[in-house]
Amino acid sequence: MNPATLEFSIERYALYPPAPSASGDAERLPEDFNEWVDTKGDRFRDTFSRICFYLAARYMTPTDATHNETVIVGTEYGNLEAMLRFQRQARLDHKALSAQQFPYATTSSASTFINISQHIGGGNATLNAGVLTPALAMLHGLLHLQDHDQAKSHVFVGDTYCPEARDDIVRQVPSATRVSSGVSYLSLTQGNQFSAVIRFEKDAQQSLKTLPGDARLFLDSGSRALLAAQCPPDDNADDTT
């Protein structure tokens, strides 16, 4: 398949926690969380939503009415923590359910409330594509820049893993004993600071043969084990997922 080259610039970026760690750092909220996030209804939120709101409040620049903006959240497990809490409470005592709980117990609640809190009236999407989630969230953001004038894409990618999410990962990949929670944020704007070459291949081994010798790949541990020696070296030597 012929590759597509998309140009873009990065206005802002942020990551929490600042470095990958299997010690549960992402389950602990930033020390200045309450300084940036409105805590109204916070007791109903999950950790993933809280961190998305924090990154949005602290790092997103004030919205400009002349820009066509969209919010994209790419996540495999998202606010599973809140959804499970809601379901358990409904099973135990449905009469005690609060209407304030439900908005945070939907699959798109994080992206929706980012739009609301930051007064963004443009697009909104929540994507889950398994291990391809980061790539497709980025692609969605880049395509938005191509299709609109004065466009901006706010892309959030990551997961904070509740116990059920960790159990699901181990069931699928028994060797994934170390899983790092984390959420990243990118503000993408039109420009030519960077370029991304997008190409979809049915055969990963064949596509690797066309890469230049200095190419650098960042793969999950399952893909690296599958492709083995065909992979160029990367910056992660410990296979931390």
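Reader: What volume does the largest cavity have?

Author: About 40 Å³. Keep in mind that this is a predicted model.

Reader: How many cavities of 30 Å³ or more does a search of the whole structure find?

Author: The search gives 2.

Reader: What makes such a space a cavity?

Author: A 1.4 Å probe fits there but cannot get out, so the space is called a cavity.

Reader: Which residues line the largest cavity?

Author: The lining consists of Asp46, Thr47, Phe48, Tyr77, Gly78, Leu80, Glu81, Thr160, Cys162 and Ala165. H2 and H3 are the elements that give two or more residues to this lining.

Reader: Tyrosine 77 is in that lining. Why does tyrosine 77 count as buried?

Author: Its relative accessibility is 14%. Buried means under 20%, so tyrosine 77 counts as buried.

Reader: How many aromatic pairs does the structure hold?

Author: There are 6 aromatic pairs. Take tyrosine 77 and tyrosine 161: their ring centres lie 5.9 Å apart, with the planes at 70°.

Reader: Why is the pair of tyrosine 77 and tyrosine 161 called edge-to-face?

Author: Start with distance. Ring centres must lie within 6.5 Å to pair, and these are 5.9 Å apart. Then the angle. Planes over 60 degrees apart count as edge-to-face, and these stand at 70°, so the pair is edge-to-face.

Reader: What parts does the pair tie together?

Author: Tyrosine 77 lies in the loop between strand S2 (68-74) and helix H3 (80-93). Tyrosine 161 lies in the loop between strand S4 (151-159) and helix H6 (163-172). The pair therefore ties together parts that are 84 residues apart in sequence.

Reader: Is tyrosine 161 buried or exposed?

Author: Tyrosine 161 has a relative accessible area of 13%. The limit for buried is under 20%, so tyrosine 161 is buried.

Reader: How many residues of S4 are buried?

Author: 9 of its 9 residues are buried. Both faces are covered. One side has Ala151, Ser153, Val155, Val157 and Asp159. The other has Lys152, His154, Phe156 and Gly158.

Reader: What makes S2 and S4 a pair of strands?

Author: At least two bridges are needed for strands to pair. S2 and S4 are joined by 7 bridges, so they pass. They run parallel. Valine 71 stands opposite histidine 154 of S4.

Reader: In what sense do S4 and S5 pair?

Author: S4 and strand S5 (residues 182-198) pair in the antiparallel sense, over 8 bridges. Aspartate 159 has glycine 182 in S5 as its bridge partner.

Reader: Which residues touch the most other members of the largest nonpolar core?

Author: Leu55, Met60, Ile114 and Phe156 do, in a core of 20 residues. The elements that give two or more residues to this core are strand S1 (4-16), helix H2 (47-59), S2, helix H4 (109-117) and S5. H2 gives the largest share, 7 residues. Leaving out residues up to four places away in sequence, leucine 55 touches Ala14, Tyr16, Met60, Phe156, Val183, Ser184 and Tyr185. There is also a second, separate core of 12 residues, with Leu142, Leu145, Val157 and Ala196 among them.

Reader: What kind of peptide bond joins tyrosine 16 and proline 17?

Author: A cis peptide bond, with omega about -5°. Proline 17 sits in the loop between S1 and helix H1 (33-36). Tyr16 also forms one aromatic cluster with Phe33 and Tyr54.

Reader: Why does histidine 119 count as exposed?

Author: Histidine 119 has 64% relative accessibility. Exposed means over 50%, so histidine 119 counts as exposed. This residue lies in the loop between H4 and strand S3 (123-127).

Reader: Why does glutamine 150 count as partly exposed?

Author: Glutamine 150 has 46% relative accessibility. Buried is under 20%, exposed is over 50%, and partly exposed is in between. Glutamine 150 therefore counts as partly exposed. Glutamine 150 is in the loop between helix H5 (133-147) and S4. Its phi is positive too, near 50°.

Reader: How many helices and strands are in the protein?

Author: The protein has 8 helices and 5 strands. Of its 241 residues, 40% count as buried.

Key:
Residues numbered from 1 in each chain as written. Predicted model: local features only at pLDDT ≥ 70, side-chain atom pairs only at ≥ 80, totals over all residues. Heavy atoms only, no water. Phe/Tyr/Trp six-rings, centres within 6.5 Å; stacked < 30°, edge-to-face > 60°. Helix = DSSP H or I, 4+ residues; strand = E, 2+ residues; numbered from the N terminus. Buried < 20%, exposed > 50% of the residue type's maximum accessible area, 1.4 Å probe, protein only. Core = buried A, V, L, I, M, F, W, Y, C linked by side-chain atoms within 4.5 Å. Contact = heavy atoms within 4.5 Å. 1 Å grid on protein atoms, 1.4 Å probe; cavity = no way out; pocket = protein on both sides within 12 Å on 5 of 7 lines; lining within 4 Å. Points joined across faces, edges and corners; volume = space filled by probe spheres on them.
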